[in-house]
Amino acid sequence: MEYVIYTALVCSIAAFALSLIACARVGKFIRATADTDWETLSNLTGDIAALKRTSQTLNNRLNGMNKATIPQEQIIQQMLEHQNVEQIRRGG
């Protein structure tokens, strides 16, 4: 039964240590952002939006490079076949 008490004691000490670490990190964050005003925040938001657009553009370009291109002759052949089917449906 003693191992249960020691296990609980170790867990509570670990939880206390983790809470102290969390408090220190929150305090560090508050000190680092104490002089942040609304203008700085809006500039950061704009910069993040610009980075997001750039990233999306780059991803779209890369995705376009990976797609297999269909030869133009094959596209023309498919268009001609489609026109033939349309003429047959129309009775012409």
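I started with tyrosine 3, which counts as exposed at 60% relative accessibility. The cut-off I applied for exposed is over 50%. The model is a predicted one, and I kept that in mind for what follows.

I looked up where tyrosine 3 sits: it belongs to helix α1, residues 2-32. I then checked its surroundings on the surface. Tyr3 forms a nonpolar patch with Met1 and Val4, and together they have about 400 Å² of accessible area.

Next I went through the fold. I found three helices and zero strands in the chain. Along the sequence the pattern reads α-α-α.

I turned to confidence. The chain has a mean pLDDT of 85, with 84% of its residues at 70 or more.

I then looked at threonine 40, which I placed in helix α2, residues 38-66. Its relative accessible area is 35%, so I noted threonine 40 as partly exposed. I also looked for a partner of the threonine 40 side chain: it makes a polar contact with the side chain of aspartate 37, at 2.5 Å.

How much of the chain is buried? Of the 92 residues in the chain, buried ones make up 0%.

Conventions. Residues are numbered from 1 along each chain as its sequence is written. This is a predicted model: local features need pLDDT of at least 70, side-chain atom pairs count only at pLDDT 80 or more; totals for chains, interfaces and linings use all residues. Side-chain values use heavy atoms; hydrogens and water are left out. Helices (H or I, at least four residues) and strands (E, at least two) are DSSP runs, numbered from the N terminus. Buried means under 20% relative accessible area, exposed over 50%, partly exposed in between (1.4 Å probe, protein chains only). Patches are made of residues with over 30% relative accessible area and no salt bridge: like charges are joined within 9 Å, nonpolar side chains (Val, Leu, Ile, Met, Phe, Trp, Tyr) within 5 Å. Accessible areas come from the Shrake-Rupley method with a 1.4 Å probe; for residues, only the protein chains shown count as cover. A salt bridge is a side-chain nitrogen of Lys or Arg within 4 Å of a carboxyl oxygen of Asp or Glu. pLDDT is the predictor's confidence in each residue, from 0 to 100. A polar contact is a pair of N or O atoms within 3.5 Å; within protein, one must be able to donate a hydrogen and the other to accept it, and residues adjacent in sequence count only if both atoms are side-chain atoms.
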